[in-house]
Amino acid sequence: MPRAASTTRPTPKRVRIPREMVDGSIWNSEVTQVLLALDGRPRVRRQRAAEFRTAQLPSIFSYPLATVRSIQMDSSDQLTFEVSNLRVVRNGNEILKSISFHAVPGELIGLLGPSGSGKSTLMRSLLGVQAITGGSARIMESIAGSPLLRGRLGYMAQSSAVYLDLTVEENIRYFAGVLTQPLSEVARVIDVVALTSFSHRLVSSLSGGERARVSLGVALLGSPPALILDEPTVGLDPILRRDLWRTFESLARTGATVIVSSHVMDEAARCARLLLLREGTLLFDGTPASLLAASEATGYDQAFERLIEGRQ
Amino acid sequence: MSLRRTLLTTRRILEQLRHDPRTLALLLLVPTALVGLLAWSLTNQPGAFNSVGPKLLGVFPLIVMFLVTSVITLRERTVGTLERLFTLPLTKADFVAGYAIAFGALALVQSLLVSVLSYTWYGLAHQGVPWRISVVALCAGLLGTAFGLALSAVAHTEFQAVQFMPAFILPQLLLCGLVIPVSQLPSVLRAVADVLPMTAAVHAITPLQSNEYYVGQFAIMLAYVFAALVVGAGTLRRVTK
């Protein structure tokens, strides 16, 4: 079992170097880490370098980007997600083919791709509820699925995954109890997802968007350091969608690593970093602006098309 | 395993049932009404209800609890709450025990209701200790719950879960001694029937046996309950292949 094997692998100590020291002008284009191996010799690992032009930075990015960046430098030097050569084969189908990426605290990452591209499988692999065929996924220094991670990863599945025959408050209270969170946390979370006036309504009587907010509320319990949100905004009206994205941005600002999947390319503009997935392969990892720049496209749909064409 | 998380789960399941009064009423009243119907249908045959009635007190709760438990737990899987719980610090034992306690409490209420009505309104006159029949009804309810939990892990849809009922319950119904006394079965079937949980329920109701005999039959039923709960917890999968 590859998962079991990686528990015994010696973990090199990671020291994050603030990006400014690497290249003052480049944001999120080059992640350089010094890996101190067990022999004490530093090894430098460089990852994807992508083009970045400040002039093309849309105004919408300026605030969250700047904040996220400062947090990344301040907060801990551990990686939230460390995925290398992750491969998942289910029923003989290769759903994920060698996925690798790293994420640090405070990043808001959009996982985009058409339906069937493997987004949910990737998210479920990180959560440890999907068996991994090859490669590894480490979350906050633990192997995906480790009991240490239970309750430290907020998860919102595509299905609402709450009890329809309980009220909003009863749902949140049960999950808060399982997480050993105080009752004050129940009220806080219901307030964050703006369901206070619905707290005594049965979830079955709520609309799809309201149910999604109950589910998000459960994911937010205890302010977990990492959140995995699978298409949280699907089928929601634009106002609600905007509000939810503001919530995700503020979560990232407080230091959480947030991965949000979507099959709507327009949502790309909301993220500080994009992972584009197609047929189980990562096509792109970088900022929205660098995606547009690299593909010389005017919109995200077009950029995605060009990326695919470029591959073929 | 944590007692706190188990009891939280129990409370959550009972809250769910509180919001679904129709299910709750069906659960408690259907076995009671069925035994009443039987008593009524046998009014022209003196003594018949006294011999058949007690046996069915063990069979009806088993069937009802089996169906309800297997469908409700399967719903956790299809709605996605089970997957969510598996990303939280809740063990499989907490989950299964939470269900067993919640439905065990229901089975207790159900068995008291059935046996009290049988002895009063339905006119059951039975030799031996009356509480014995309540205990059998309770054990049968627990058996149904435990097997429902175990089999819901195998079923992929609620449709399949419902079909486990004829596959799992009806053979026991044929062999447990209700249709033909176990002693008159062909030797192979008798060997099988002797170890079936429903046979133990029917045996435990047979009048005028020694106390050791009854304790032995209860022990068989409780062993099945425990084994089915362990299997139920064991077949739950945190990780999808």
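**View 1. Confidence along chain B, from helix H1 to helix H3.** Among the elements of chain B, H1(B) has the highest mean pLDDT (95), while helix H3 (residues 48-79) of chain B has the lowest (84). Here pLDDT is the predictor's confidence in each residue, from 0 to 100, and helices (H or I, at least four residues) and strands (E, at least two) are DSSP runs, numbered from the N terminus. The average pLDDT of chain B is 87, and 98% of the residues score at least 70. For the model, ipTM is 0.88 and pTM is 0.80. This is a predicted model, in which local features need pLDDT of at least 70 and side-chain atom pairs count only at pLDDT 80 or more, whereas totals for chains, interfaces and linings use all residues. Residues are numbered from 1 along each chain as its sequence is written, and chains are lettered from A and ligands numbered from 1 in the order in which they are written.

**View 2. The helices of chain B.** You can count ten helices and zero strands in chain B. The C-alpha trace of chain B spans about 60 × 40 × 35 Å along its principal axes. Of its 241 residues, 44% count as buried; a residue is buried if 20 or more other C-beta atoms lie within 10 Å of its own, exposed if 12 or fewer, and partly exposed in between, with C-beta atoms placed from the backbone.

**View 3. Where chain B meets chain A.** Here 21 residues of chain B are in contact with 24 residues of chain A, contact meaning that the C-beta atoms of two residues, placed from the backbone, lie within 7 Å. On the side of chain B that touches chain A, H1(B) gives the most, with five residues.

**View 4. A close look at B:Ile101.** Find B:Ile101 in helix H5 (residues 92-119) of chain B. B:Ile101 counts as partly exposed because it has 18 C-beta neighbours inside 10 Å. Leaving aside neighbours within four places in sequence, B:Ile101 is in contact with B:Thr6 and B:Thr10. From B:Ile101 to B:Thr145 it is 44 residues in sequence and 9.6 Å in space, C-alpha to C-alpha.

**View 5. B:Leu143 and its partners.** B:Leu143 is in contact with B:Leu62, B:Pro197, B:Met221, B:Tyr224 and B:Val225, once its neighbours within four places in sequence are left aside.
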